[in-house]
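Biologist: I would like to learn how to read a few features of a protein model. Could we take them one at a time?

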Amino acid sequence: MSRHPSLPAVARFLSLFAVAAASLLPGSRAAAQELRTTFQGASPLEWSERLAKSDMTRRGDRLFYAEGTRARWDYTTGLFASSLLKLAERTKNPAYAEFGARVVESFVAPDGKIRTYKLEDYNIDMITPGKVLLQRWEQGHQSPAARTAIETLRGQMRTHPRTAEGGFWHKLRYPDQMWLDGLFMASPFLAHYGKVFEEPAAFDDVAKQLLLMDKVGYDAKSGLYYHAWDAKRVQPWANKQTGQSPHFWGRALGWYAMALVDSLDFFSPTHPEVDHLNEVLRRVADGVVRWQDPKSGLWWQVLDQGDRAGNYLESTASSMFVYALAKGINRGYLPREKYLPVVLKGYEGIIRDFIRTDPDASVHLTRCCEVAGLGYTNSKGRTRDGSFDYYVTEPIVDNDLKGVGPFILAGLEVQQLVTQAPVKAAVRGWADYERILAGIVAPKFPDRDFPITDFGARPGADVTAAIREAIAACHRAGGGRVVVPAGQWLTGAIHLKSNVNLHVSEGATLTFTFDLARYPVVFTRWEGVECMNYSPFIYAFEQENIAVTGKGTLDGGATEETWWSWNSRKDPVRKQRADRDRLIAMGEANVPVEQRVFGPGAFLRPNFIQPYRCRNVLIEGLTLVRSPMWEVHPVLCDNVTVRGLKINTHGPNNDGCDPESCTNVLIEDCVFDTGDDCIAIKSGRNGDGRRVNQPTENVIIRNCVMKDGHGGVVLGSECTGGIRNVFVENCEMDSPNLDRGLRFKNNAVRGGILENVFMRNVKIGRVAEAVLTIDLLYEEGAKGDFKPIVRNVQMEGITSSASPRVMYIRGFPGAVIEGIRISRSTFSGVTETEVVQHAGTITLQDVTILPAKGVRSLNSVPPPSPAPVPASVPAPVKP
């Protein structure tokens, strides 16, 4: 059997997706623009190459260091050179890289000294060319001279003067001042350095700078950021209360926007401030969108002043904004549907209004503000006071490198936007919750009922055939409900078809027989390995718009004499063990799935409800009891809603809900009282999981109650395909038979990345082991070749009243446990020592851990007794 949906299903999906994607964009014109690949007759990549070649020709060797020339180590040439290196990567044309590298490397002497650079100036602008040295370093150009130059720049930032809050001064000559420009000059360099040379403190400092500027420079009324901030409030241009400069200069905000997207390139998703940085980026982007000129798609020199006399549409800021927004979309930092129309309109405006092509085919970027700053005077002797009149009277020139570099970079990012498949937006925290939730929509069905009694079902008799005929009729009619009325009904396997809702009415109990002949062999997945086995009780394969709903009961009929006897805790041999081992061995040997045949003669229990490779699934309202094995097990499905279930079943391996290799899953308002994990998220086992290679992602769990079980919310152990983007909120977990709250179980045979797990506002009563368990030594442990990874786990607003410990974390050398963060939480009744083994960064913020028995410091002494009142002094009179 194929692992992929049928061709008709794919065609239907693509057709629906095209319509949906177009509808996301505001207006049909914007939807049409998404497919546009040329602007004024050339692609964005071609425009980037045209301006790059033109500027390389115009500049010649004037940007390279030579004794007696005016060439200087400078941020503008560093920005241009960096853009050329990135252009070379995209086009595979080494000429761009050679030119860009020479612009910077010509200043690096054989001993590593940087010619024309002066450390004593403490000028943050001079850090920017170092990014080229880091780019080259990663490409293999790792000379001792380059390392010395890199360390010189890193050394400047170690001793660079700071404000009292820790913000870098813009220059020594600008004391206690932070400018938006400076955030771009140093932050991406420091973040890149931190990645290349493994210095975590560099990321902390970058985050501090970017977030401090957000705090002191943001104006909520306009959604924009002031050009600069004077921490001492003494500069003539500074507001005496806030320290902010007077206006919103376009290019200043452009520097800040680029600083954010370029720095985030190097941050680990587990860094504690990544969510905050993304929040700031979205705030910047929203301000940029708000002040885009609606007619031209461009941006003004003074952003919020529009066509006020003297103001003008300016090309360097416009290029920076298009670059930052486009890169934000491409990296998944910004939602495509919201910002793509802005990018396309902005880029179209730049090409139309700012690009000039001469008869000799040379290209120019026009309408560039040459320079702007604060304090001292400009070349004309005018005081740089930050006023509107000041900004609009600075010279306007062509081909300023502060615009050429961003224009080249913008073309690269827009080219990717219009020619490559959209990337999935990165998920970093709760700020992404609503976007994920919006992608999960329960299916709806036509208002048509097909009672099984109309197809021959009679109480007390086997109704398997009647249900099958009712489903077929409902499917042929275009969909509706197949209704199981109140009463007692007996059935075998039920196979759903598209657009069918199996509705078990209140007062109805649908009991599944132990007659094995009623469960034909089908394509399924058993403990993470694909095989041919007994049909799950309720099964669907490659169907769309299916549901199992109602207030009735589904009774699996499992007992210690029937299904549970195959893996009975009382049986030391356990019938299923040999077949389980045989299936796992087949998966490791890559035996074709159609040859992995179990069923009659074997002892692998079927799951209760299993939609397989289905889209738009709803399971709602039912009570499930006596399941043979896992209760609700969607596999390779998209858009699954599990809502309002009551699951009470305590047999072996009785997991409550196990989404496996699924995308977009909502589990809400359910009660789990199970013999194994309440919710266990999975993605395939070992070699077979690597063959299928499909993660489970975008899972929301909310408003659920977890009673008995091995874990409340569990990731693994069948997790080889990876699990990511799991949100858990507003749940209650409490039982002496519940072992853990949040559990990760994996090993070096499974492998897989478990990341981006966010839990908040969860109330935990009693658990037997720990609130948080991360066990990478589960089953086979470290004896394997596939590194297990757990990273970016955030827990906030968690309370527990009686857990032995907060954390039980076991890794091993080579495994990764990183970015575990617990905040605003209180853990009471702790009785045992915390277990943390081979773990990376664990952060506790505003956390209280209270032992069951109060303890005092070994050196605690009683408080001093009140001093006796002298006899001559009257005692104070109580009021």
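Biologist: How many residues does helix H5 have, and what does it reach from its first C-alpha to its last?

Modeller: First, the ground rules. This is a predicted model, in which local features need pLDDT of at least 70 and side-chain atom pairs count only at pLDDT 80 or more, while totals for chains, interfaces and linings use all residues. Residues are numbered from 1 along each chain as its sequence is written, and side-chain values use heavy atoms, with hydrogens and water left out. Helices (H or I, at least four residues) and strands (E, at least two) are DSSP runs, numbered from the N terminus. The expected span of a helix is 1.5 Å times one less than its number of residues. Helix H5 (residues 94-105) has 12 residues and reaches 16 Å, close to the 16 Å expected at 1.5 Å a residue.

Biologist: Which residue caps the N-terminal end of H5?

Modeller: A polar contact is a pair of N or O atoms within 3.5 Å; within protein, one must be able to donate a hydrogen and the other to accept it, and residues adjacent in sequence count only if both atoms are side-chain atoms. Here the cap is Asn93, with a side-chain oxygen 3.0 Å from the backbone nitrogen of Ala95.

Biologist: Which residues of H5 are buried, and what do they pack against?

Modeller: Buried means under 20% relative accessible area, exposed over 50%, partly exposed in between (1.4 Å probe, protein chains only). Contact means heavy atoms within 4.5 Å. In H5 the buried residues are Tyr96, Ala97, Phe99, Gly100, Ala101, Val103 and Val104. They pack against helix H3 (44-59), helix H4 (75-91) and helix H6 (130-138).

Biologist: What is the order of the six strands in the open sheet that includes S33?

Modeller: Two strands pair if DSSP finds at least two bridges between them. The order is S27-S30-S33-S35-S37-S39, with parallel pairing. Strand S27 (679-681) and strand S39 (835-837) are the edges, each pairing on one side only. Within the sheet, strand S33 (residues 740-745) and strand S35 (residues 770-775) are joined by five bridges, and Arg743 stands opposite Thr773 in S35.

Biologist: Why does Arg518 count as partly exposed?

Modeller: Arg518 counts as partly exposed because its relative accessibility is 36%. Arg518 sits in the loop between strand S14 (508-512) and strand S15 (521-526). Leaving aside neighbours within four places in sequence, Arg518 is in contact with Asp462, Thr464, Gly492, Ala493 and Thr513.
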